[in-house]
Amino acid sequence: MTLYDKILTIYPQLQQQDFYTVITLQNDSDGRGDYIAKWDHPTLPRPTEDQLNAA
Amino acid sequence: MTLSGDGTITGLAAGGLPNATVVQADLATGVAGNGPAFSAYLGSNQSPTNATYTKVQINTESFDTASCFDTSLYRFTPNVAGYYQVQAACRISSTAPSTYVWAIYKNGSNIAELNVATTPASFDNRVIASLISMNGTTDYLEFYCYCSAASGQTFNAGAATTYFQAFLARAA
C-alpha cells in the first residue's frame, strides 16, 4: 500500500486535487521512498506515524 | 596583451580577461557569454508512485559545459552566479484519467509549476520554463513530475521527450 493509499484510508473524504494543492507527497528518487513534504489541509490534521503504520 | 585603437585585443593569455574586468556593457551585440549550459534526459522509463511529486531521474547528459549537472542526484548546481533560463519536459502517461504536474524545484522547494488534467487516459508532454536567479555556489535545481492516476503511470524516457536544460542568460 502506498503512502497515498494509506492517507486515503485514514481520510477517505480527501479529494484528488488536495494532493497537488494543500498536501504534497514527495519522492526524491534517493531510495528513501515517499513522504509527506507539505500538509496544509485546512481541517484535517497531518496523520501521525502510528496512524500511517496502522492503515 | 595589446589593445588597438579599433578596439581589437590581441595577445591574451589563456583564459582571457579576468571576470572582474569585463562587464556586460563591454560586450558587443552578438557576443554571447560562455557560462554554464547543460542538457540531459531520462535514460529509461520511470514508474512513479501515483499522486506523489517525484524527482525525474534525469541521468543521461547530452552536454554539460561546466560539469554542473549531477546525474546521480539529478541536480543542476551552477558555478556562476546569475539568471538562468531553465526548461524541462516530461512525457507522462497513464492508463486512467489523471492530473499531470510538471514542476521545477529550487533548493528543494517548488518554484514553478504547470498543471494539466487529462480525460480520458492518455499521455501528455509539456515544457515548463522559468528564469531563475542562482547564487553560483549552493543553489540547485531539480525537476519533479506528478501523476494522479494509479494505473500505468510512467515517465517516458528519451532525449526528445523527457529532458532538463538550463543556461546562464545573464550574469549576476
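Student: Why is F164(B) called buried?

Tutor: Buried means under 20% relative accessible area, exposed over 50%, and partly exposed in between, with a 1.4 Å probe and protein chains only. F164(B) has 0% relative accessibility, so F164(B) counts as buried. F69(B), with a relative accessible area of 6%, is buried because that value is also under 20%. This is a predicted model, in which local features need pLDDT of at least 70 and side-chain atom pairs count only at pLDDT 80 or more, while totals for chains, interfaces and linings use all residues. Residues are numbered from 1 along each chain as its sequence is written, chains are lettered from A and ligands numbered from 1 in the order in which they are written, and side-chain values use heavy atoms, leaving out hydrogens and water.

Student: What makes the pair of F69(B) and F164(B) edge-to-face?

Tutor: Rings of Phe, Tyr and Trp (its six-membered ring) pair if their centres lie within 6.5 Å; planes under 30 degrees apart count as stacked, over 60 as edge-to-face and the rest as tilted. Here the centres are 6.1 Å apart and the planes stand at 80 degrees, so the pair is edge-to-face. The pair links distant parts of the chain, since F69(B) in strand β6 and F164(B) in strand β14 are 95 residues apart. Strands (E, at least two residues) and helices (H or I, at least four) are DSSP runs numbered from the N terminus.

Student: Which other pair is edge-to-face, and what values show it?

Tutor: F76(B) and Y84(B) form such a pair, at 5.8 Å centre to centre and 75 degrees between the planes. Both F76(B) and Y84(B) are buried.

Student: What makes the largest nonpolar core a core, and which residues have the most contacts inside it?

Tutor: A nonpolar core is a set of buried Ala, Val, Leu, Ile, Met, Phe, Trp, Tyr and Cys residues joined through side-chain atoms within 4.5 Å. The largest has 31 residues, and W102(B), F143(B) and F164(B) have the most contacts inside it. β8(B) gives the most to this core, with 5 residues. A second, separate core of 21 residues includes Y20(A), A51(B), A103(B) and Y105(B). In soluble globular proteins, nonpolar side chains tend to be buried together.

Student: How do you know that S29(A) is buried, and which residues of chain B does it contact?

Tutor: The relative accessible area of S29(A) is 14%, so S29(A) is buried. Contact means heavy atoms within 4.5 Å. Leaving aside neighbours within four places in sequence, S29(A) is in contact with Q46(B), T54(B), K55(B), Q57(B) and Y74(B). The side chain of S29(A) also reaches the backbone oxygen of K55(B) at 2.6 Å. S29(A) itself is found in the loop between β1 and β2 of chain A.

Student: Why is chain B called more spread out than a compact globule?

Tutor: Chain B comes to 0 helices and 14 strands. The radius of gyration is taken over C-alpha atoms, and the globule rule is 2.2 Å times the number of residues to the power 0.38. For 172 residues the rule gives 16 Å, whereas chain B has 20 Å, well over that value, so it is more spread out than a compact globule. Along the principal axes, the C-alpha atoms of chain B fill a box of roughly 70 × 25 × 25 Å.

Key
Polar contact = N/O pair within 3.5 Å; in protein donor to acceptor, adjacent residues only side chain to side chain.
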